[in-house]
Amino acid sequence: TSIHDGTGRLVFANRALTDAVDESELESARFKSVLLSHVDDAPLGFVTRLGQYYRLSPTRTSSGYLVCQWTPDISRLN
């Protein structure tokens, strides 16, 4: 899980996510542009620099934060 403010800045990432994805990548302009260009509540995909593919299910809260559930796409692992 990760939480981002209205500009896409990382506010929180749980330990499981930071073990799998480098925190600097979550703060990168590339990730912010992917996150902020999506349609609210529509799943989107993100490929890390190491080639790992994740499905993100972002939800915008009433206060403007984006809460993302990250799920690795195991069909793309091999």
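**One chain, start to end**

Of the 78 residues in the chain, 32% are buried, where buried means under 20% relative accessible area, exposed means over 50%, and partly exposed lies in between, with a 1.4 Å probe and protein chains only. This is a predicted model, in which local features need pLDDT of at least 70 and side-chain atom pairs count only at pLDDT 80 or more, while totals for chains, interfaces and linings use all residues. Residues are numbered from 1 along each chain as its sequence is written, and side-chain values use heavy atoms, with hydrogens and water left out.

Overall dimensions next. The radius of gyration of the chain is 12 Å, which agrees with the value near 12 Å for a compact globule of 78 residues. That radius is taken over C-alpha atoms, and the globule rule is 2.2 Å times the number of residues to the power 0.38. Along the principal axes, the C-alpha atoms fill a box of roughly 40 × 25 × 20 Å. The accessible surface is about 4,700 Å², and carbon and sulfur atoms hold 53% of that; the areas come from the Shrake-Rupley method with a 1.4 Å probe, and for residues only the protein chains shown count as cover. Among contacts with a separation of 6 or more, 35% join residues 24 or more positions apart, a contact being heavy atoms within 4.5 Å.

Now the fold. The chain has three helices and five strands, and from the N terminus on they run β-β-α-α-α-β-β-β. Helices (H or I, at least four residues) and strands (E, at least two) are DSSP runs, numbered from the N terminus.

In what order do the five strands lie in the sheet? The sheet is open, the order is β2-β1-β5-β4-β3, and the pairing is antiparallel. The edge strands are β2 and β3, residues 44-47, each of which pairs on one side only. From one strand to the next the twist averages 30 degrees. Two strands pair if DSSP finds at least two bridges between them. Axes are lines fitted to C-alpha atoms, for helices over the stretch in contact, and angles run from 0 to 180 degrees between N-to-C directions.

Strand β1, residues 2-4, is joined to β2, residues 10-13, by three antiparallel bridges, and Ser 2 stands opposite Ala 13. These two strands form a hairpin with five residues between them, and Gly 8 in the turn has a positive phi of about 90 degrees. Strand β1 also pairs with β5, residues 66-72, over three bridges in the antiparallel sense.

Strand β4, residues 53-60, runs antiparallel to β5, with seven bridges. This pair too is a hairpin with five residues between the strands, and there Gly 64 in the turn has a positive phi of about 95 degrees. Which residue in β5 is the bridge partner of His 4? The partner is Leu 66, and Leu 66 is also the bridge partner of Arg 60.

Helix α3, residues 29-36, lies across β1, β3, β4 and β5, and runs at about 170 degrees to β3.

Last, the charged pairs. Side chains of opposite charge can pair when their charged atoms come close. The count is four salt bridges, each being a side-chain nitrogen of Lys or Arg within 4 Å of a carboxyl oxygen of Asp or Glu.

One of them joins Arg 9 and Asp 5, at 3.2 Å from N to O. Arg 9 counts as partly exposed because its relative accessibility is 44%, whereas Asp 5, at 14%, counts as buried.

Another joins Asp 19 and Arg 15, with an N to O distance of 3.2 Å. They are four residues apart in helix α1, residues 15-20, so about one helical turn separates them. Both Asp 19 and Arg 15 are exposed.

Then there is Glu 25 with Arg 30, where the closest N and O atoms are 2.7 Å apart. Is Glu 25 buried or exposed? Glu 25 counts as buried, at 5% relative accessibility, while Arg 30 is partly exposed at 39%. Salt bridges that share partners join Glu 25, Arg 30 and Arg 49 into one network.
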